[in-house]
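Hi there,

Here is the structure I promised to pass along. Have a look at it first, and then read my notes below.

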Amino acid sequence: MLKYTLKRLLNAFVVLFIVATATWFLMQFLPGTPIRNAQKLTPEQRAQVEAQYNLDEPLPVQYALYMTDMARGDLGDSYLYGGRPVTSIILERLPVSAFLGTQAVVIGLVVGLLLGIISALKQNSIWDSGAAFLAVLGVSIPDFVLAPLAQYWLALKLGIFPIAFFESWWHSVLPSLVLSTSIAAVVATFTRTEMLEVLGQDYVTLARSKGLSRVAVVVRHVLRNSMIPIVTIMVPLTAALITGTLIVGTVFSVPGIGEQFVRSIFDKDFPVIMGTTMLFAVFFVASYLIQDILYGIIDPRIRVAGPRE
Amino acid sequence: METSNRQITFTPDLFEPVQRSSEDAERITGAPIGFWGDAWRRLKSNRLAITAGGIIILILVLALAGPWLTPYTPYGQVLDRQYQTPSLSGFWFGTDEFGRSMFDRVWVGTRVSLYIAALATAMDIGVGMTYGAISAYYGGKLDNVMQRFVEILVGIPILVVAVLIMLVLKPGILSLSIAIGATGWTSTARLIRGQVLRLKEQEFFLASRSLGAGTYRLIAKHLIPNVFYIVIIALMYTVPTAVFFEAFLSFIGLGIQPPNASLGALINDGAHQMRFYPYLLIFPAAVLVLITINFRLLGDGLRDALDPKMRK
C-alpha cells in the first residue's frame, strides 16, 4: 500500500511539474507585453520595471528563477495591484470559493442521494421517471444558463435572494444552489445505478429472506455497499467545482478564485494566471490522488495492479 | 374438479405423423436480422430516444435553414428597430441592441456551435480511437508508455488546457475546436483501448489469427466493426459536451468574438441585458439546453439499443 501511494504521489508531482512548465512556456507565446503604457516609458524606466520582474534575464534563467521560487511557495508578484504577491491574492480569495464549493457539495450530495435512493427503491415508478427527468435537466442545463436565470427570477423578480456580491451568508445561498444542481444530478444518477446493481445481489435476497425489515436491508446492506463506488465521482465533482465557481463567481460577482482567473486573463496579469492555473492543477491532481488511494484502501485488488480504466 | 376425473380415451385416429425432412430442419423461418437491424428494432421501440432524435433533426434543419425563413439577416444592423419584443407578426425572437433579428442570430449561432462541436468531436474520436487502438493492439512496452502519457494528460485540468490554447491561438472556430478536441480525446482513447483489449482475448480473434490473417485484415475486419458501435455511443455524448464547452469559453469571452454569433456568445450577451430584455437570454439558452438534453437522451437510447448488456 505504501509503495502504491508513493508511486501515485510521484506521478502527481510529475503532472504538476509538466503543467507548470507547459503553462510557463505557453505564457511566453502570448501576444502583447505585460508592461502597461510600454511606449510611453523611457528606456531607463522600462529597464527598471523589467528588472523588478526579472524580465531582463534570458528565458531559461527566468524559468529557473520562477520554478525555484515556486518550489519555495512563492508565486511571484502580480503585474497589477501594485505588485502584490500572488500568494496573498490567492489566500484572500480561496476561502470564499472553498466556502461556496463546500456548501454546494453538501447540498448536491444530500439532494442527489435522496433522489437516487428514491428512484432506485421505486424503480420504474412515476417517482423514478421524475427523478430521472430532474437529473437529465440538472446535467444538461449549464451553470452559465442557470446562474443568470436564477438571478433574474429568484433574486430580481421575486426578491428572495440578494442579486449579487458577497456580504453575508444569505448572499452565498443562491450561488451555492446553482453550483449544486449539476452535482446533485450526477450523484443521483450514480446512486440509482449502483443501488439497483446491489439490490440484485444474492446477499440482499438473503438478508430479506432472513426476515430483516426493508429499512434495515436498505440502510445496512444496500446503501453501505452502493456508497463505495461514490468515490469515483470525486474527480468530476472537483472539476465541476473549479469550473462552476468560475461561472457563478463571474455572474454573481463573488470575489472567489474563479472570478480572479477570468479577470487576470483579460488583464494579461501573467503571474496571477500562472498561480491560479497551478492552484487548479494542484486541486485536480490531489483529488485524483485521494481517489486512487481510497480505491486502494477499499478494493485490495487494485493495490497490486494499479487502477484499470 | 370435474375435469380431472374425466377420462380421456386416446385412439390412433387422433394422431397424425409429422411430415419432416432434413431440409425443413435447416430452413430458417423469417428473414435473418443483422446487428444493425436488431439495434434499429430496439431503438424504434424507445419512444423517448426517437423523439429526441426528431428534435435533433429539427434543430439541425433550423440551424441550416432558419435564417432563410425570415426576411432579415443575422448581421444587418437597423438602429430604429432596437429591442423589439418577440411577436408572431414581427420578429419571432425579438431584436437586440443593434436591431438585429434574434431569430436569425440564434440559428446562425446554433450552426456555428454545432459546426465547432462536429469538428471537435471528429478530432476527439479520430485521435482517441487511433491512440487507444494502437496502444491496445500492440500492447507491451508501447502500451505502457502510451498509457503513462495519457495518465499525465488526464491529471491536467481541462479548463486550464482549453484556456491556454485559446489564449495562444486566436479565438475562432478552428482554435475552439482544437481546444475542445485536444482536451477530450483521452477518455475516448481509454474507452477504445479497453474494448480492443477485450476483443483481443476472444476466440474469433485468435481463430482468425491462427488462420493467418495479417494486421491489416485483423484491424479492418475484426477490430473496427466491433468497436464501431462504441464510437457511435461516444459520439452522442461528445457532441453535447463540446457544445457545452464552446458555450462556456464564449461565455467567459475567450470564444467566438462579436459580431459573429455562437450560442455561448449570445447567452453571454443576453445575460448582461437580462434585467430589461430577458428574451435575449432565454431563446439561445433554450436552444442550447434542447441540444444537450436531446443528444444525451438519444445517446442513452443508442447505448441501450447497440449494447443491451450495458443497459442500466
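A quick definition before the notes: helices here are DSSP runs of H or I with at least four residues, strands are runs of E with at least two, and both are numbered from the N terminus. Please also keep in mind that this is a predicted model.

Let me begin with chain B. The pattern along its sequence reads α-α-α-α-α-α-α-α-α-α-α-α, which amounts to 12 helices and 0 strands. Chain B is more spread out than a compact globule, because its radius of gyration is 28 Å, well over the 20 Å that the globule rule gives for 312 residues. Along the principal axes, the C-alpha atoms of chain B fill a box of roughly 100 × 65 × 40 Å. As for burial, 40% of the 312 residues of chain B count as buried. If you take the contacts in chain B between residues at least 6 apart in sequence, 68% of them join residues at least 24 apart.

Now to the place where the chains meet. On the chain A side, 36 residues are in contact with 33 residues of chain B. Several helices of chain A supply at least two residues each to this side, among them helix 5 (126–140), helix 6 (143–157) and helix 12 (270–298). Which helix of chain A gives the most? That is helix 1, with 8 residues. Sorted by class, the side of chain A that touches chain B has 28 nonpolar, 7 polar and 1 charged residues.

Best wishes

Methods
Residues are numbered from 1 along each chain as its sequence is written. Chains are lettered from A and ligands numbered from 1 in the order in which they are written. This is a predicted model: local features need pLDDT of at least 70, side-chain atom pairs count only at pLDDT 80 or more; totals for chains, interfaces and linings use all residues. Two residues are in contact if their C-beta atoms, placed from the backbone, lie within 7 Å. Ala, Val, Leu, Ile, Met, Phe, Trp, Tyr, Cys and Pro count as nonpolar, Asp, Glu, Lys and Arg as charged, and the others, Gly among them, as polar. The radius of gyration is taken over C-alpha atoms; the globule rule is 2.2 Å times the number of residues to the power 0.38. A residue is buried if 20 or more other C-beta atoms lie within 10 Å of its own, exposed if 12 or fewer, and partly exposed in between; C-beta atoms are placed from the backbone.
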